Amino acid sequence: MFFDYTEKTQNLIDKLQAFVDANILPVDREVHAWNADPANRWKPWPGLEPLKERAKSAGLWNLFLPEEYGEYSPGLTNLEYAPLAEIMGRNMWSAEVFNCSAPDTGNMEVFAKFGTAAQKKEWLLPLLAGKIRSAYLMTEPDHACSDATNVRTEIRSDGNDYVINGKKWWISGVMDPRCKVLLLMGQTNPENPRHTQQSTVIIPRDAPDVKVIRAQTVFGDVHSPGGHCEVHLKDVRIPKENIILGEGRGFEIAQGRLGPGRIHHCMRSIGSAQRALELMCQRVTERTTFGRMLSDRSSIRMEIAKSYCDIEQARLLTLKAADAIDRHGARNAKDLIGAIKIVAPQMAQTVADRAIQIFGGMGVWQKSSPHSVLSALQMVPTNCTHPSSASSRSLNTQNPVPVGITSLKLDCYDCEYGIAALPPRRASVLQGPDPNGISQGLPTSTTAAAAARSGRTVAIVCTAMERCSNRLCET
Ligand SMILES: Cc1cc2nc3c(=O)[nH]c(=O)nc-3n(C[C@H](O)[C@H](O)[C@H](O)COP(=O)(O)OP(=O)(O)OC[C@H]3O[C@@H](n4cnc5c(N)ncnc54)[C@H](O)[C@@H]3O)c2cc1C
């Protein structure tokens, strides 16, 4: 096996790197500041669309879509795309500039591979043009969804329609105003064998009764403008032609979606780890302890050397998996795809841990330049362990963000992300700070329980929500 990049790939690497250096790195801080500012919540950074146009003109567009998709594809194999994904992964937001960001990439592959001509016209073409964005709804709060055969959202046949009922969470991108289409995986045929019970359907984002219940935070960040949200679907009605490929084909579609997607995720996390390594190398030549540079300390040198080895091992394994997909198809490459899914996230976390140690306190400081890389690495695991649905629904008892009753916020009641998620008996008006003698600063669970016992109704306003003009509620 030779993993020397072809001339075509090398030219693209050079072109992409030059574009990133000239157009993305200079505005990186500005974009992070925009996304972190609560006043801009759910609004994309205004410079993004012009940058996308520039990337499109430069021919750096839709590079992820493998050559097998003919007219839709710029003609790269997974192996050729992998190093480009690594460059995009060095920074959390740049993949979108090239229309190469999740979840659109996987969704575009689904439409390109399995969509009908009408579905492609309506959804694939605007997605490929970067005019709209999309979300993928698989994971459920009440069922373990590491194994997608476990999804339970009901897709019931009713005449010429399907009617959908269920709850989904961690749905990335659904808050982005450009998100116009949802791909949902649910159950159509519970009586079938395990792998043919599920189907994938298309739901317009603005369909009535698709309700975003709350924005979820990843280590304290809502990841605006797309967010990761809990979404409830109640009697959502779609025409039968919105099914993809047919009933019982949902698992097959999900597997097809995840193969190349794993290469993208893994290579991006390798890019983040590589950047963390480079930042570590820089830091240790700037910091002196007792007359010697950190870079002269053998324990530090060892951590850096181990990081280099770990990154290179993960990179080679991921390239091998990409090559196997290209030559034998995702189904036959599933063992290697499974292997990189284990190896790359663990590697990235280990490198992130080392970087945090080497940076000392600065490694966890939000304003430091490594922080964005490190926080990207923290969310790398592809198989995340979440609190059980029961504890995460118990109104934030574990949440370290200070939550308490602070002030009256009447518009909270209209906020679909906030108080609507609480049982109605707890949601009403609180006049001024703490007029009912319920202490401020308590977890919402305690506050709500006290209010319920006393028969009073209260508004529960988290401090984060105040700062973000009610666009976020962590109940
Ligand atoms: C930032 C972020 C973005 C996300 N974006 C999306 C998105 O856009 N759309 C979407 O649908 N989902 C999304 N997810 C959800 C993600 O895909 C799931 O969290 C992941 O697939 C794991 O499913 P789960 O949370 O149900 O975990 P669970 O399945 O409950 O797993 C919990 C733990 O149990 C283990 N486990 C589970 N089953 C078994 C078993 N049979 N044997 C042994 N161990 C087992 C798992 O390995 C894991 O360690 C996102 C998650 C995050 C954190």
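**Cis peptides, helix packing and core of the predicted chain**

Pro-225 is placed in the loop between strand S6 (210-216) and strand S7 (228-239), where strands (E, at least two residues) and helices (H or I, at least four) are DSSP runs numbered from the N terminus. A cis peptide bond with omega of about 10° joins Ser-224 to Pro-225. Another cis peptide bond, with omega of about 0°, links Ala-102 and Pro-103. The loop that holds Pro-103 runs between helix H5 (94-97) and helix H6 (104-114).

The structure is a predicted model, in which local features need pLDDT of at least 70, side-chain atom pairs count only at pLDDT 80 or more, and totals for chains, interfaces and linings use all residues. Residue numbers start from 1 along each chain as its sequence is written.

The chain contains 14 helices and 10 strands. Of its 475 residues, 45% are buried; a residue is buried if 20 or more other C-beta atoms lie within 10 Å of its own, exposed if 12 or fewer, and partly exposed in between, with C-beta atoms placed from the backbone. Contacts are assigned where the C-beta atoms of two residues, placed from the backbone, lie within 7 Å. Among contacts between residues at least 6 apart in sequence, 73% join residues at least 24 apart.

Trp-170 is part of strand S3 (residues 161-172) and is buried, with 20 other C-beta atoms within 10 Å. Phe-290 belongs to the loop between strand S9 (288-289) and strand S10 (292-293). With 5 other C-beta atoms within 10 Å, Phe-290 is exposed.

Helix packing was described with axes, which are lines fitted to C-alpha atoms, for helices over the stretch in contact, and with angles from 0 to 180 degrees between N-to-C directions. Angles under 35 degrees count as roughly parallel, over 145 as roughly antiparallel, 65 to 115 as roughly perpendicular and the rest as oblique. A crossing is left-handed if the near helix is turned anticlockwise from the far one by less than a right angle, and right-handed if clockwise. For residue classes, Ala, Val, Leu, Ile, Met, Phe, Trp, Tyr, Cys and Pro count as nonpolar, Asp, Glu, Lys and Arg as charged, and the others, Gly among them, as polar.

The axes of helix H1 (residues 7-24) and helix H4 (residues 78-89) come within 9 Å and cross at roughly 15°, so H1 and H4 are roughly parallel to each other. Their crossing is right-handed. H1 contributes Lys-8, Thr-9, Leu-12, Ile-13, Leu-16, Gln-17 and Val-20 to the contact, and H4 contributes Glu-80, Pro-83, Leu-84 and Ile-87. By class, these residues are seven nonpolar, two polar and two charged.

Helix H8 (residues 250-284) and H10 have axes that come within 9 Å and cross at roughly 20°; H8 and H10 are therefore roughly parallel to each other. The crossing of H8 past H10 is left-handed. In the contact of H8 with H10 there are 19 nonpolar, three polar and four charged residues. H8 also packs with helix H9 (residues 298-332) at an angle of about 160°, the axes being 10 Å apart, and H8 is therefore roughly antiparallel to H9. The crossing of H8 and H9 is left-handed. The contact of H8 with H9 comprises 19 nonpolar, five polar and one charged residues.

Leu-319 is located in helix H9 and counts as buried, with 23 C-beta neighbours inside 10 Å. Residues up to four places away in sequence aside, Leu-319 touches Phe-3, Leu-79 and Ala-82. The C-alpha atoms of Leu-319 and Cys-266 are 9.8 Å apart, at a sequence separation of 53 residues.

In soluble globular proteins, nonpolar side chains tend to be buried together. A nonpolar core is taken here as a set of buried Ala, Val, Leu, Ile, Met, Phe, Trp, Tyr and Cys residues joined through C-beta atoms within 7 Å. The largest nonpolar core has 95 residues, of which Leu-63, Phe-98, Leu-137, Ala-321 and Val-351 touch the most other members. Helix H10 (residues 334-359) gives the most to this core, with 12 residues. Apart from neighbours within four places in sequence, Phe-98 is in contact with Ala-55, Leu-60, Trp-61, Leu-63 and Met-88.
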